Amino acid sequence: MKLSTRSYFWSALGLATLAFLGLNIFANNFFIDARLDLTQSRQYTLSSGTRSIIDQLPEPVTLRFYFSRSNAADYPATAAYAKRVRDLLGHYAAVSHGRIVLEDIDPAPFTPEEDRATEAGLRPIPLANGTGSIYFGLEGVNTVDDRNTIPNFAPEREPYLEYDLTSLLFQLSHPGKRKIAVLSSLPLTRAPGSGQPLGIYADLQHTYDVRMLPDEFREIPKDTNLLLIAHPQEITPSKMRAILRYVLGGGRALIFLDPMSELVQQEQTPSAPPSSDLNLLLQAWGVAYNPRELVLDRGNAQRIRNPADPQRAPVPYPMWQHLTAGNFSKTDPVTASLTGVNLASPGALSQRAGATTKFEPLLVSSADAMLYPRDQALQLKDPGALMSAIKPGAAPLTLAARITGHAAVPGFASGNINIVVVADTDVLDDRFWAQNDPQTGTRAPFADNEGLVLNAIESLTGSDELITLRARGNTERPFTVVRRMQADAEARFRETLDSLRTRLTNAQQQFSQLQQGGSAATLSAEQQAAMDSLQREITGTRAQLRDVQANLRAGIDRLGRILAFMNILLVPLLVAGFALVFGAIRRARAKGNRRKARLEAEGGAA
């Protein structure tokens, strides 16, 4: 039986609908974790380390994602980031095959959900208009009611989102405080002046099970998750062998060395050596370090009041350094989210020739830095003299590094190591990172020193899979052409700009000197003429400065107009032009087909 056109159409439509539904059912059951990631840094692809930790979850984990959708409606950037977090959490749940249960919670104001968010320890973000706040965080709970939270998803940590989420899962699957063994000669438990524990050490005691090693230890306790060494002294051969066995056997270590510990000097203990070293151990790990040389850094010098002349304004002091984003590794979670770290008289690390380990700098100096003999630096003392003594080298110096890979001590032991070495102990000193309130006992941090230490400990005490997670790179796509144009423009106009500014400064100084000579009535004709000339020069120089600064942005503004034209007018015009051409072609074809059909009909009739 021949189907009519209408019957054929409805049959085809029914089969297409069934095929569509069948394909969706098949995809939902067999491709639940399939996705196409076209981003440059693979932001939407789970790493093998994350998948391994999810597969090894010993029990189900509930993740409660809190996001105030209604309050965030007017903040598209926050809403977009929240969608990315939610999508990634959904991917975690999909690949877990039931090990991860995901709950979405919208903590609207004055609701039980808002109370739950507060009880979970989430930090609300106040709205700019002061009418409310946004909750944007995560709570994880396992079957024995152990809890861990991300109080707030900070935008600056977006490149490390997978690391933060996987770290939370790892901590939930390994409950209980991790154990830290400490070997140190620093006054960690009695800070000079206060007699209280150093702030960072006090926080470690709250979060971890911290134990000091006995004076004559011969081995590191087997249940130790991390060995913390800070300014070690009198390392006997038996202690050295114990440390080597621990590290080469897979134990993690965080080590603080210093060519001149100002924390020790502040303690005013004459017998305490100002420097520390682990020379034989560092050799085994492929690290070079000189305890008699410290780093002077003109580019990162902190500004202090000169003790020799306290009435003057603060001056740069190159022995104390304030590191910023450009001095931190962007590919390691220990330093990737830091904004500022303060160091005092640090040393420098480098990879030893022939090392079999991998040496990854975490903190580096500016290019305007050099190694300087410690004893000479102590003799100079004057900040100005130290600044003048600096002769920068060809490359920044490494102040802290992660060392990984295979290390061996012939005739003793070998193995893969994972340690972090910091060539400064004053990073632990409260004076350099927090303001203490003696009445309340609270600390107001002004630098990320504690973040550096806690990030390093968290990273080192995690699993191998967690440590392999690194930042995927910044998700922002900068305007590289604009940045290149800015650099080229500044290079072209910088010399002119500096010359004009010098001329302006000199002219203003001369003008001020003439003004101090007296009033207009007491000035001679020559002085008055000079003042008028200087006034004209100042006005003209300012005009030239405005022109040069305008030229700095001329190319960028021109590019902006071109891009605006392309987006607003050119693309719509091209689409309209394509539609017109396509329509004309279709009409021409239709006209040709009609003409052909007419000719065929006339030929058939003939």
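This is a predicted model: local features need pLDDT of at least 70, side-chain atom pairs count only at pLDDT 80 or more; totals for chains, interfaces and linings use all residues.
Which residue is the bridge partner of Q302 in β14?

1. The bridge partner of Q302 in β14 is Y317. This pair belongs to the link between β13 and strand β14 (residues 315-323). Those two strands run antiparallel and are joined by 4 bridges.

2. β13 and β14 are part of an open sheet of 3 strands, in the order β13-β14-β15. The pairing in this sheet is antiparallel. Its edge strands are β13 (301-304) and β15 (341-344), and each of these pairs on one side only. On average, neighbouring strands here are turned by 50° against each other, with direction ignored.

3. Another open sheet has 4 strands, in the order β2-β1-β5-β6, and its pairing is mixed. At the edges stand β2 (100-105) and β6 (147-150). Each of them has a single partner strand, so one side of each has no neighbour in the sheet. From one strand to the next, the twist averages 15°.

4. Within this sheet, strand β1 (residues 61-67) pairs with β5 in the antiparallel sense. The pairing extends over 7 bridges. As a point to find on the model, L63 stands opposite G140 in β5.

5. A helix also lies against these strands. Helix α5 lies across β1, β2, β5 and β6. Relative to β6, α5 runs at about 170°.

6. α5 (residues 161-173) has a helix contact too, with helix α2 (residues 48-55). Their axes come within 10 Å and cross at roughly 20°. Because the angle is under 35 degrees, α2 counts as roughly parallel to α5. The crossing of the two helices is left-handed. From α2 the contact takes T50, I53 and I54, and from α5 it takes E162, T166, L169 and F170. By class, the residues of this contact are 4 nonpolar, 2 polar and 1 charged.

7. How does α2 stand to α3, and at roughly what angle do their axes cross? The axes of α2 and α3 come within 10 Å and cross at roughly 55°. That angle makes α2 oblique to α3. The crossing of α2 and α3 is right-handed. In this contact, T50, R51 and I54 of α2 meet H91, Y92, V95 and S96 of α3. The residues of the contact divide into 3 nonpolar, 3 polar and 1 charged. T50 and I54 of α2 are named in the contact with α5 and again in the contact with α3.

8. Helix α6 (residues 199-207) packs with helix α12 (residues 449-460) at an angle of about 35°. The axes of α6 and α12 are 10 Å apart, and the crossing is right-handed. On the α6 side, the contact is made by G199, I200, D203 and L204. On the α12 side, it is made by N449, E450, V453, L454 and I457. Sorted by class, this contact has 5 nonpolar, 2 polar and 2 charged residues.

9. The last point concerns aromatic rings. A pair of such rings is described by the distance of the centres and the angle of the planes. The whole structure holds 8 aromatic pairs. One of them is formed by Y81 and F136, with 5.5 Å from centre to centre and 85° between the planes. This arrangement is edge-to-face. Y81 lies in helix α3 (residues 76-96) and F136 in strand β5 (residues 136-142), so the pair ties together parts that are 55 residues apart in sequence. The helix of this pair, α3, is also the one that α2 crosses at roughly 55°. Its strand, β5, has a place in the sheet with the order β2-β1-β5-β6.

Note on methods:
Residues are numbered from 1 along each chain as its sequence is written. Side-chain values use heavy atoms; hydrogens and water are left out. Axes are lines fitted to C-alpha atoms, for helices over the stretch in contact, and angles run from 0 to 180 degrees between N-to-C directions. Angles under 35 degrees count as roughly parallel, over 145 as roughly antiparallel, 65 to 115 as roughly perpendicular and the rest as oblique. A crossing is left-handed if the near helix is turned anticlockwise from the far one by less than a right angle, and right-handed if clockwise. Contact means heavy atoms within 4.5 Å. Ala, Val, Leu, Ile, Met, Phe, Trp, Tyr, Cys and Pro count as nonpolar, Asp, Glu, Lys and Arg as charged, and the others, Gly among them, as polar. Two strands pair if DSSP finds at least two bridges between them. Rings of Phe, Tyr and Trp (its six-membered ring) pair if their centres lie within 6.5 Å; planes under 30 degrees apart count as stacked, over 60 as edge-to-face and the rest as tilted.
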